[in-house]
Amino acid sequence: LPKGLADFLMEYIHNAINNKKTVTTEYSLPIQGKNIWFESRCIPILETNKMQPTKVVSIIRDITEWRKQ
């Protein structure tokens, strides 16, 4: 990942952990000469006996076709 995007996604992950809420974002990456769009949902995981999440699950999907509509 480009550094700017990696920094953005790390901030987004920390946002999900700190706010204990699922967060959603969209971003694009140039892949094989095309701009491919992704949606990422970051879900904090609250472990047993811990008050603050320390892990996340991220679901990422290609939304390029959807954005063309």
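Q: Which residue forms a salt bridge with lysine 68?
A: Lysine 68 forms a salt bridge with glutamate 65, and their closest N and O atoms are 3.3 Å apart; the term means a side-chain nitrogen of Lys or Arg within 4 Å of a carboxyl oxygen of Asp or Glu. This is a predicted model, in which local features need pLDDT of at least 70, side-chain atom pairs count only at pLDDT 80 or more, and totals for chains, interfaces and linings use all residues. Residues are numbered from 1 along each chain as its sequence is written, and side-chain values use heavy atoms, with hydrogens and water left out.

Q: Where do lysine 68 and glutamate 65 lie?
A: Both lie in helix H2 (residues 64-68), three residues apart, which is about one turn of the helix. Helices (H or I, at least four residues) and strands (E, at least two) are DSSP runs, numbered from the N terminus.

Q: Are those two buried or exposed?
A: Lysine 68 and glutamate 65 are both exposed, where exposed means over 50% relative accessible area, buried under 20%, and partly exposed in between (1.4 Å probe, protein chains only).

Q: How many salt bridges does the structure hold?
A: The structure holds seven, including one between the side chains of lysine 3 and aspartate 7 (2.9 Å, N to O).

Q: What about glutamate 39, is it buried or exposed?
A: Glutamate 39 is buried, with a relative accessible area of 8%, whereas its salt-bridge partner arginine 41 is partly exposed at 38%.

Q: New topic: how do strands E1 and E2 run?
A: E1 (residues 23-31) and E2 (residues 34-45) run antiparallel and are joined by nine bridges.

Definitions and conventions. Two strands pair if DSSP finds at least two bridges between them.
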